[in-house]
Amino acid sequence: MDNSWKVFWWEEGRKKFRRFNQHKPTEAVAFAKDLKKKGIEVAVVSGRKAYRIPESKKFNREPGMLWCPYCVEWRRFKEFALKKENYVTGADFRCPVCTISTADYFVRKYNEEIREAASLLYQEAKPRRKRDG
Ligand SMILES: [Zn+2]
């Protein structure tokens, strides 16, 4: 499946975005870099394809963060409704940048893996109980 990319940025407190209909993020990244040079906060987001956590970002997680497979970043998901032109969605936990919800298959999948890994680590770290008798 071909991917597309979105660049989000914030100007005077307002969120803006531009879509790039190319499989590779080259143009989106170049556009984002130009904005960044001007000191503007910017995010490059995958339009369709979900990405797993790369090795380089495995340990960047802070408590309370979930993996956003479309931002390809750790994000603090927040509960809010989406206001579209013709309708408003129900409130849901969403990525504050790309607005993907925790109902998304890949958001669930990658964060389920994190939970499992975390619980395994926790189990291993727990001291063993002495047996009675
Ligand atoms: Zn996101």
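Apart from its neighbours within four places in sequence, Ala 32 is in contact with Val 7, Val 42 and Val 44. These contacts belong to a predicted model. Ala 32 is part of helix H1, which covers residues 26–37. It counts as buried because 22 C-beta neighbours lie inside 10 Å, where the cut-off for a buried residue is 20 or more. Ala 32 and Val 42 are ten residues apart in sequence, and their C-alpha atoms are 6.3 Å apart in space.

The largest nonpolar core has 18 residues, of which Val 44, Val 45, Cys 68, Cys 71 and Cys 98 touch the most other members. The elements giving two or more residues to this core are listed below, with H1 spanning residues 26–37.

| Element | Residues |
|---|---|
| Strand S1 | 5–11 |
| Helix H1 | 26–37 |
| Strand S3 | 42–46 |
| Strand S4 | 66–68 |

S3 gives the most to this core, with three residues. Domain 1 (1–49) and domain 2 (50–126) each supply at least three residues to the core. In soluble globular proteins, nonpolar side chains tend to be buried together.

Not counting residues up to four places away in sequence, Cys 71 touches Ala 43, Val 45, Cys 95, Val 97 and Cys 98.

Strand S1 also pairs with strand S2 (residues 14–20): the two run antiparallel and are joined by seven bridges. Within this pairing, Trp 5 has Phe 20 in S2 as its bridge partner. S1 and S2 form a hairpin with two residues between them, and Glu 12 in the turn has a positive phi of about 50°.

Methods:
Residues are numbered from 1 along each chain as its sequence is written. This is a predicted model: local features need pLDDT of at least 70, side-chain atom pairs count only at pLDDT 80 or more; totals for chains, interfaces and linings use all residues. Helices (H or I, at least four residues) and strands (E, at least two) are DSSP runs, numbered from the N terminus. A residue is buried if 20 or more other C-beta atoms lie within 10 Å of its own, exposed if 12 or fewer, and partly exposed in between; C-beta atoms are placed from the backbone. Two residues are in contact if their C-beta atoms, placed from the backbone, lie within 7 Å. A nonpolar core is a set of buried Ala, Val, Leu, Ile, Met, Phe, Trp, Tyr and Cys residues joined through C-beta atoms within 7 Å. Domain bounds come from an automatic or database domain assignment. Two strands pair if DSSP finds at least two bridges between them.
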